[in-house]
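Here are my notes on the model you sent over. Open the structure beside them and click along as you read.

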Amino acid sequence: MFIDRAKIYIKAGDGGDGCTSFYTEKYVPNGGPDGGDGGNGGSVVIKADSSKASLAEYRFGKHYRAENGSNGSGKNRHGKNGGDLILPVPRGTVVRDAQTMQIIADLFYDGDSVTVLRGGIGGKGNARFKSSRRQAPGFSQKGEPTKERTVVLELKTIADVGLIGFPNAGKSTLLSVITRANPKIGNYPFTTLSPNLGVCAFDDFSFTVADIPGLIEGASDGAGLGHMFLRHVDRTRLIIHVVDIAATDGRDPIQDYYTVNSELVKYNKELGDVPQIIALNKSESAETEKIAEFRSKVDGDIYEISGITHRGVQNLLNAVAKKLKELPPPAPMEFEPFVYEEADPDAYTLSRGDDGVFVLGGELIERLARTVVLDDRDSFRYFQRRLDDGGVIKALKKAGMKNGDTVRILDTEFTYEE
């Protein structure tokens, strides 16, 4: 099954906890702290893989988590780092943040990758907190937790030429004639349910061709099936606009031409600047007056072809090859990459509760909370010193804190004393 869009939930691995341990050995009564650090959590990496053709594997698997770091242990043993989670996607996949829909990466080339989420940093073991004044720290640091994020994967087919036109105009037939692709072909309004891709080898020149499923009026607003596949036209350097000049479905070929072009521009104004070659298909069954009327009312490079008899296809390919040689090569999208903001380790918030209590929060406070052991004197002193060094005590005094006032840090309340 061809799937070109998927919404998934990703989470980097949490950092492992540091260890609180003291070296013990016979005849060594005061060996000192030897708790090792926790391992770093694994990151989430999305990587383009040319062997992939669809996002189908992400249709049912929605949650993807990198490996957590292992906890540290005694004898200064460092916890194992968590393995990175690498998610393979087809070449041409655009990664977006689901909340803002801003682009994180355009994985245009095979092997392109982006680290979407960084793994959590492992906590420090108690050996790291030893100092000349603190010889036996009885505390360590917990690993850094990570947040789950939601991203959208969008596959934009990378093709030199895009075949567009109303359903049943003969795009799939033309693709099968000029390439080795074998799309399902039938006389039905929506016979093509997914983009088909093929390679056309023409003399000493080759190019890729994508058959974009049929567009109808209102496709850019969600009508029919075309709105699901318009994104696949974005990357094409040249468009072959296939028109059923024989009007086998009773529609007006001229109106069809303008309707499809209107939907393209409504979806993306830049598509109006993409060069077009018009292929009047089924010309073997068309009235001469119909072809003459189309030529008189539509400007452009127009070629009469027949996907069934192959008449005129060679001339069409000559024009396509010549035009492609004049156009610049395909390139990734230009955009300002969206990056998930990492919290400032020194940032904190200070507010006043309805009960008059001073409330502290923010990254600095949360990081300290992962370290502090309230019933350990050394740990609590370290906590107070970090608050002082970070300017928190000064800010509390400036906000009006006096001796005996209550300060709430996460779920714990403290009484301030000079």
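The points below go through some strands, the cavities, the aromatic rings and a few backbone angles.

1. Ground rules. You're looking at a predicted model, where local features need pLDDT of at least 70 and side-chain atom pairs count only at pLDDT 80 or more, while totals for chains, interfaces and linings use all residues. Residues are numbered from 1 along each chain as its sequence is written, and side-chain values use heavy atoms, with hydrogens and water left out.

2. Which way does E12 pair with E13, parallel or antiparallel? Strand E12 (residues 238-244) pairs with E13 in the parallel sense, over six bridges (strands pair if DSSP finds at least two bridges between them). Look for aspartate 244, which stands opposite asparagine 281 in E13. To get from E12 to E13, the chain passes through helix H2 (residues 253-267), making a right-handed β-α-β crossover (right-handed if, with the strands pointing away from the viewer, the path from the first strand over the helix to the second runs clockwise).

3. Its neighbour E14. Strand E14 (residues 301-304) also runs parallel to E13, joined by four bridges. Here alanine 279 stands opposite tyrosine 303 in E14. Helix H3 (residues 288-297) carries the chain from E13 across to E14, and this β-α-β crossover is right-handed too.

4. The cavities. There are two cavities of 30 Å³ or more. A cavity here is a set of points, on a 1 Å grid over the protein atoms alone, where a 1.4 Å probe fits but cannot get out; lining residues have an atom within 4 Å of a point. Grid points are joined across faces, edges and corners, and a volume is the space filled by probe spheres set on the points. The largest cavity has a volume of about 40 Å³. Its lining includes Gly165, Phe166, Asp244, Arg251 and Tyr257. E12 and H2 are the elements that give two or more residues to this lining, and the largest share, four residues, comes from E12. By class, the lining of the largest cavity has six nonpolar, two polar and three charged residues (Ala, Val, Leu, Ile, Met, Phe, Trp, Tyr, Cys and Pro count as nonpolar, Asp, Glu, Lys and Arg as charged, and the others, Gly among them, as polar).

5. The other cavity. The second largest cavity has a volume of about 30 Å³. Among the residues that line it are Asp244, Ala247, Arg251 and Asp256. Its lining divides into two nonpolar, two polar and four charged residues.

6. Aromatic rings. How many aromatic pairs are there? The count is 12 (rings of Phe, Tyr and Trp, taking its six-membered ring, pair if their centres lie within 6.5 Å; planes under 30 degrees apart are stacked, over 60 edge-to-face, the rest tilted). Phenylalanine 108 and tyrosine 109 make an edge-to-face pair, at 4.8 Å centre to centre with 80° between the planes. Phenylalanine 108 is buried at 1% relative accessible area, whereas tyrosine 109 is partly exposed at 41%. Tyrosine 257 and tyrosine 258 are edge-to-face because their planes sit at 75°, with ring centres 5.2 Å apart. Tyrosine 257 is buried at 9%, and tyrosine 258 is partly exposed at 41%.

7. Alanine 247 has a positive phi of about 50° although it is not a glycine. You'll find alanine 247 in the loop between E12 and H2, partly exposed at 21% relative accessible area. Methionine 101 is another non-glycine with a positive phi, near 60°, and it lies in the loop between strands E5 (93-97) and E6 (103-107).

8. One hairpin. Strand E10 (residues 196-202) pairs with E11 in the antiparallel sense over seven bridges, and asparagine 196 stands opposite aspartate 211 in E11. Two residues lie between the strands of this hairpin, where aspartate 203 takes a positive phi near 55°.

Methods:
1 Å grid on protein atoms, 1.4 Å probe; cavity = no way out; pocket = protein on both sides within 12 Å on 5 of 7 lines; lining within 4 Å. Buried < 20%, exposed > 50% of the residue type's maximum accessible area, 1.4 Å probe, protein only.
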